[in-house]
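Biologist: Could you walk me through this one? I would like to go over the salt bridges, a helix and the cavities.

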Amino acid sequence: MTNQEKQMTETSTAPVTAPPRRALLDTTVQLDRRKTASRQKKIESLLKEFDWKFSTGISLLEFKATVIQECLTIHNQLRRSGARFTRVRDALLEKKGQQISLRAHIFNNVLQVFAGSFDITEEKDHLLAEKARLLLENIIPRLYDWFAKESVDTVLNARLDCDRAKEPPRKKTAAFEVNIPECKRGKNKFCHVEEVIREEGPRLLKSLEPHVAASEQLQRAAEVFQSVFTNPKADLSHSNCRNAGDCLITLEAKGKATHALSSNAKEWKPLSDALGFEFVHITYPEEKTA
């Protein structure tokens, strides 16, 4: 056998190494990992299939503005003079709003302080309020550290460089600082969000055209992008970036992810198709009731 034939034989029998599977985790996945043990277990099992797991700065911004912000709201109510745990809990859970479900998850699965309002003394209720407040003072910074340092291999933030994502919640003497301060260009805002939108936004919106009309989220993102296209001095706020969140997350992850994981197929399937990600839809059929 000639040397060339030997080389061909060795090449043909060499094991083929599969390309690395790199998973982008949407904000919904990160939130679900903190909501219930069953969701966390399912997601952790799925993540074992990937070589590299990452999220982005915009997802961290959204995480701060949802679960961490709700923890801050609860903490602020508990530290009021004369606060009673059951009254604070019941009042916050009776209010109407999109975050009621998230607040319930925080009370039941994050804070884990329980009491019935009909069978607790006023003194014990005050003590529980103090206990819950002190627990939250540890929980709030740990939630940020979990997302930024433990939950994934890395948090991509090089392209957009979101300043608000990089700010951990800080406690003053009694209260925490405002979780999401207003963005002011040149003062506390040095990101590249408008630049990235101008460079990458037109192509992305073109790919999403067939899907925008059916999605309020994509419509809001398109409005934010258009405001930047038509205004050379556009200065987006953190709320603008949250309105365009999913689109900005994908632009940060462009060229990095092979797969995108989300429980939100309506927006993330077309976004994945536009950016060349394989979409992995996470569902929880066991939670459905008959």
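**Salt bridges, a helix and cavities**

Modeller: K206 is exposed, and E209 is exposed as well. Keep in mind throughout that this is a predicted model.

Biologist: How far apart are the closest N and O atoms of K206 and E209?

Modeller: They are 3.9 Å apart, and K206 and E209 form a salt bridge. Both sit in helix α8, and because they are 3 residues apart there, about one helical turn separates them.

Biologist: And how many salt bridges does the count come to?

Modeller: The count comes to 22 salt bridges. One of them joins the side chains of R84 and D125, at 3.1 Å from N to O. R84 belongs to the loop between α4 and α5 (85-94) while D125 belongs to helix α7, so this pair ties together parts that lie 41 residues apart in sequence.

Biologist: Are R84 and D125 buried or exposed?

Modeller: Both R84 and D125 are buried.

Biologist: What about E137, which residue does it form a salt bridge with?

Modeller: E137 forms a salt bridge with K171, with 4.0 Å between the closest N and O atoms. Since E137 is in helix α7 and K171 is in the loop between β3 and α8, the pair ties together parts that are 34 residues apart in sequence. E137 counts as buried because its relative accessibility is 16%, under the 20% limit, whereas K171 is partly exposed, with a relative accessible area of 34%.

Biologist: Which residues are linked with E137 and K171 in a network of salt bridges?

Modeller: E130 and R133 are linked with E137 and K171 in that network.

Biologist: Changing topic, which residues of helix α3 are buried?

Modeller: In α3, which spans residues 37-47, the buried residues are R39, I43, L46 and L47. They share the same side of α3, because the arc they cover around the axis is only 100 degrees. On the other side of α3, A37 and K41 are exposed.

Biologist: What do the buried residues of α3 pack against?

Modeller: They pack against the strands β1 (22-25), β2 (52-56), β4 (259-262) and β5 (278-281), and also against helix α2 (27-35).

Biologist: Now the cavities, how many are there of 30 Å³ or more?

Modeller: The count comes to 2 cavities of that volume. The largest cavity holds about 110 Å³ of space. It is lined by 14 residues, of which C162, D163, C183, C191 and C241 are the closest to its centre. The elements that give two or more residues to this lining are α4 (57-78) and α10 (238-243). By class, the lining of the largest cavity has 9 nonpolar, 1 polar and 4 charged residues.

Biologist: And what lines the second largest cavity?

Modeller: The second largest cavity, with a volume of about 40 Å³, is lined by L31, R34, K35, V67, L102, H105, I106 and V110. Helices α2 and α6 each supply at least two residues of that lining, and α6 gives the most, with 4 residues. The lining of the second largest cavity divides into 5 nonpolar, 1 polar and 2 charged residues.

Biologist: One last thing, what phi does Q112 have?

Modeller: Q112 has a positive phi of about 55 degrees although it is not a glycine, and its place is in the loop between α6 (100-111) and α7 (122-150). D161 also has a positive phi of about 55 degrees without being a glycine, and D161 lies in the loop between β3 (154-156) and α8 (193-212). Most residues other than glycine have a negative phi.

Methods:
Residues numbered from 1 in each chain as written. Predicted model: local features only at pLDDT ≥ 70, side-chain atom pairs only at ≥ 80, totals over all residues. Heavy atoms only, no water. Buried < 20%, exposed > 50% of the residue type's maximum accessible area, 1.4 Å probe, protein only. Arc of directions from axis to C-beta. Contact = heavy atoms within 4.5 Å. 1 Å grid on protein atoms, 1.4 Å probe; cavity = no way out; pocket = protein on both sides within 12 Å on 5 of 7 lines; lining within 4 Å. Points joined across faces, edges and corners; volume = space filled by probe spheres on them. Nonpolar A, V, L, I, M, F, W, Y, C, P; charged D, E, K, R; others polar.
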